[in-house]
Amino acid sequence: MDYKKIVRGFKDRNILVIGDLILDHYIWGKVNRISPEAPVPVVEVTREEFLLGGAANVAHNIVSLGGKASVIGIDGQDIAGEALMNILRHKGVNCDGIFTENRPTTVKTRVIAHNQQVVRFDREDRKYVDGKILKGVLGYINSVLLRYDAIILSDYQKGMISAELIRDIVKKAKSRDMFIAVDPKVGHFDFYKGVSLITPNVMEASSGSDIEIRDDGTLLRAGKSLMKKLSCKAVLITRGEQGMSLFEKNKVTHIPTVARKVYDVTGAGDTVISAFTLARASGAGMKEAAVIANHAAGIVVAEVGTAVATPQQLLESFD
């Protein structure tokens, strides 16, 4: 398999990302004293930045890897929603499918001092999207589906991904033989029946299968159980420093990690599902797509913060 040829083909692929849009807000500072008002540190703010999270980061990964991405999700009528849209557009993501609603944009604010997280606070409304909003989302998906080569469902349990939404997408996509990949969340595994691929980590796979993964034997049982339970074509369990395990019908492939250094695993799951889906849409088999995703993950975990990989970095990783 010519991995480089597949990576070069990313530029011709158009991926639809549907899911929970998150704005990651980082406040950096230093602590030199304790507050006289309460026994808490006083953080002197030195800088702050806004980054893409959730489905927005998946779309960013696809664009960074050389593909085209459109995102469908919801934001709020607030400053955070404007910031999210501005960053997405600046990155080159198509935002026509973002619905602005009367709920807050999901924001995760992390206060970091001396490279340690002091506190995190979240602004969010986790109610499921339903009624008129869901009808509008489903109608929009139906009107644009034919433009895309594959679909990624990015579930962060912030209300966008529901059983009804997935049922409708699977039904529409199956008639067109479209590849659907899901980055799953604990508690939602029953939603994912009939998708092409799910990419849980070990903790998520343990929960979704009701089998605690402790060794190779329980890993095999959990992967096979998820395949059967969800009637999907493949399950890719990401295992950190132990690499990945790809489960297909009657076949399991263990892929060792290629990461030489691991500084930060933030956003690595977004990179894995983005690279896998682009590779699959570019003609790779499941195993080849997993190898490419593994290489992409190896690039981003070697950088601090929510990083993304580029086609050049990916090409060089196969030298």
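Aspartate 177 counts as exposed, because its relative accessibility is 66% and the exposed class begins over 50%. In this predicted model, aspartate 177 lies in the loop between helix H5 (163-174) and strand S9. The residue has a positive phi of about 55 degrees although it is not a glycine.

Asparagine 115 is another residue other than glycine with a positive phi, in this case near 65 degrees. Its place is in the loop between strand S6 (106-113) and strand S7 (116-123). At 74% relative accessibility, asparagine 115 counts as exposed.

## Overall form

The protein contains ten helices and 13 strands. Its radius of gyration is 20 Å, close to the 20 Å that the globule rule gives for 319 residues, so the protein is as compact as a globular protein of that length. The C-alpha trace spans about 65 × 45 × 40 Å along its principal axes.

Of the 319 residues, 56% are buried. The protein exposes about 14,900 Å², and carbon and sulfur atoms supply 49% of this area. Among contacts with a separation of 6 or more, 67% are accounted for by residues 24 or more positions apart.

## The nonpolar cores

The largest nonpolar core has 60 residues, and the members that touch the most others are Phe10, Val71, Leu88, Phe276 and Leu314. Helix H9 (residues 286-300) gives the most to this core, with ten residues.

With residues up to four places away in sequence not counted, phenylalanine 10 touches Leu65, Gly66, Gly67, Ala275, Leu278, Ala279, Ser282, Ile292 and Leu314. A second, separate core has 42 residues, including Leu134, Leu165, Leu219 and Cys232.

## Aromatic pairs

A pair of aromatic rings is described by the distance of the centres and the angle of the planes. A search of the whole structure finds six such pairs. In one of them, the rings of tyrosine 3 and phenylalanine 318 have centres 5.0 Å apart and planes at 10 degrees, so the pair is stacked; planes under 30 degrees apart meet that description. This pair links distant parts of the chain: tyrosine 3 is in helix H1 (residues 3-8), phenylalanine 318 is in the segment after helix H10 (311-317), and the two are 315 residues apart. Tyrosine 3 is partly exposed, with a relative accessible area of 21%.

Phenylalanine 179 and phenylalanine 276 form another stacked pair, with 6.2 Å from centre to centre and 15 degrees between the planes. This pair also links distant parts of the chain, since phenylalanine 179 is in strand S9 (residues 179-183) and phenylalanine 276 is in helix H8 (residues 268-281), 97 residues apart. Both partners are buried: phenylalanine 179 has a relative accessible area of 10%, and phenylalanine 276 is at 0%. Phenylalanine 276 is also one of the residues that touch the most other members of the largest nonpolar core.

## Charges over rings

The charged end of arginine 47 sits over the ring of tryptophan 28, 4.4 Å from the ring centre. In a further case, the charged end of lysine 185 sits over the ring of tyrosine 156, 4.4 Å from its centre.

Arginine 280 has its place in helix H8. It is partly exposed, with a relative accessible area of 29%. Apart from residues up to four places away in sequence, arginine 280 touches Phe179, Gly285, Met286 and Ala289; Phe179 belongs to the stacked pair with phenylalanine 276 described above. Between arginine 280 and proline 36 the separation is 244 residues in sequence and 57 Å in space, C-alpha to C-alpha.

Glutamate 288 is found in helix H9. With a relative accessible area of 19%, glutamate 288 is buried, because the buried class is under 20%. Leaving aside neighbours within four places in sequence, glutamate 288 is in contact with Met1 and Tyr3. Tyr3 is the residue whose ring pairs with phenylalanine 318. Glutamate 288 and alanine 309 are 21 residues apart in sequence, and their C-alpha atoms are 18 Å apart in space.

Key. Residues are numbered from 1 along each chain as its sequence is written. This is a predicted model: local features need pLDDT of at least 70, side-chain atom pairs count only at pLDDT 80 or more; totals for chains, interfaces and linings use all residues. Side-chain values use heavy atoms; hydrogens and water are left out. A nonpolar core is a set of buried Ala, Val, Leu, Ile, Met, Phe, Trp, Tyr and Cys residues joined through side-chain atoms within 4.5 Å. Buried means under 20% relative accessible area, exposed over 50%, partly exposed in between (1.4 Å probe, protein chains only). Helices (H or I, at least four residues) and strands (E, at least two) are DSSP runs, numbered from the N terminus. Contact means heavy atoms within 4.5 Å. Rings of Phe, Tyr and Trp (its six-membered ring) pair if their centres lie within 6.5 Å; planes under 30 degrees apart count as stacked, over 60 as edge-to-face and the rest as tilted. A charge sits over a ring if NZ of Lys or CZ of Arg is within 6 Å of the ring centre and within 35 degrees of the ring normal. The radius of gyration is taken over C-alpha atoms; the globule rule is 2.2 Å times the number of residues to the power 0.38. Accessible areas come from the Shrake-Rupley method with a 1.4 Å probe; for residues, only the protein chains shown count as cover.
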